[in-house]
Amino acid sequence: MNIGNQLKNIRVFLGLTQEQFCAGIVTESFYSRVENNRSNISMEDLVEILNFHHISLYDFFISVDVKYLKKKIIQAFLDHDVSRLSEYKKLINSSEYDLEFKLMFAILNSTTDQLTNEFKEKA
């Protein structure tokens, strides 16, 4: 994971300048170096900045990994690559995405007619 890139992604998403985002916790010039991967931010300063913007550590770290993996999952689906899709399902290992995976596998295996009406309604 690239901390600087993730900070920048969140800052841009929030529509804030670097000065607004670092909130006086670190200097703007230091923060700029962090975003550009020329300096490392301490965990204490990172947590303080995230807390200032009401962003949990979980959300900060999971968003990159899941976002990245979702792109890979979509590409595997578009490539009709069932084996790669199976590997990604193992990596996520969360029931939260079971519906999506089941639907993708059914589409790729041409078994959508075997899905229950209950499942189709959820989907």
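At 16% relative accessibility, Phe105 counts as buried, where buried denotes under 20% relative accessible area, exposed over 50% and partly exposed in between, for a 1.4 Å probe and protein chains only. The model is a predicted one, in which local features need pLDDT of at least 70 and side-chain atom pairs count only at pLDDT 80 or more, while totals for chains, interfaces and linings use all residues. Residues are numbered from 1 along each chain as its sequence is written, and side-chain values use heavy atoms, with hydrogens and water left out.

Phe105 belongs to helix H7 (residues 98-108), as does Phe101, and the two are four residues apart, which means a separation of about one helical turn. Helices are DSSP runs of H or I with at least four residues, strands are runs of E with at least two, and both are numbered from the N terminus. An α-helix has 3.6 residues a turn, so residues three or four places apart point the same way. Phe101 is also buried, with a relative accessible area of 3%. The ring centres of Phe101 and Phe105 lie 6.2 Å apart and the ring planes meet at 25°, so this pair is stacked. Rings of Phe, Tyr and Trp (its six-membered ring) form a pair if their centres lie within 6.5 Å; planes under 30 degrees apart count as stacked, over 60 as edge-to-face and the rest as tilted.

Further residues of H7 can be described in the same terms. Met104, Ala106 and Leu108 of H7 are buried, along with Phe101 and Phe105. Asp98, which lies in helix H7, is partly exposed at a relative accessible area of 34%. Between Asp98 and Thr116 there are 18 residues in sequence and 15 Å in space, C-alpha to C-alpha. The charged end of Lys102 sits over the ring of Phe119, 5.0 Å from its centre; this description requires NZ of Lys or CZ of Arg to be within 6 Å of the ring centre and within 35 degrees of the ring normal.

Helix H7 packs with H6, their axes coming within 11 Å and crossing at roughly 170°. H6 and H7 are therefore roughly antiparallel to each other. Axes are lines fitted to C-alpha atoms, for helices over the stretch in contact, and angles run from 0 to 180 degrees between N-to-C directions. Angles under 35 degrees count as roughly parallel, over 145 as roughly antiparallel, 65 to 115 as roughly perpendicular and the rest as oblique. The contact (heavy atoms within 4.5 Å) involves Val82, Leu85, Ser86, Tyr88, Lys89 and Ile92 of H6, together with Asp98, Phe101, Met104, Phe105 and Leu108 of H7. By class, eight residues in the contact of H6 with H7 are nonpolar, one is polar and two are charged. In this classification Ala, Val, Leu, Ile, Met, Phe, Trp, Tyr, Cys and Pro are nonpolar, Asp, Glu, Lys and Arg are charged, and the others, Gly among them, are polar.

Three nonpolar, two polar and three charged residues make up the contact of H1 with H3. Arg11 is buried, with a relative accessible area of 11%. Apart from neighbours within four places in sequence, Arg11 is in contact with Leu16, Thr17, Gln18, Phe21, Tyr31 and Glu35.

The structure holds three aromatic pairs. In one of them, Phe21 and Tyr31 have ring centres 5.8 Å apart and planes at 55°, so the pair is tilted. Phe21 lies in helix H2 (residues 18-22) and Tyr31 in helix H3 (residues 28-35), so the pair ties together parts that are 10 residues apart in sequence. Both Phe21 and Tyr31 are buried.

Most residues other than glycine have a negative phi. His80, however, has a positive phi of about 60° and lies in the loop between helix H5 (57-78) and helix H6 (82-92). Ser110 has a positive phi near 55° and is found in the loop between H7 and helix H8 (117-122). At 60% relative accessibility, His80 counts as exposed; Ser110, at 60%, also counts as exposed.
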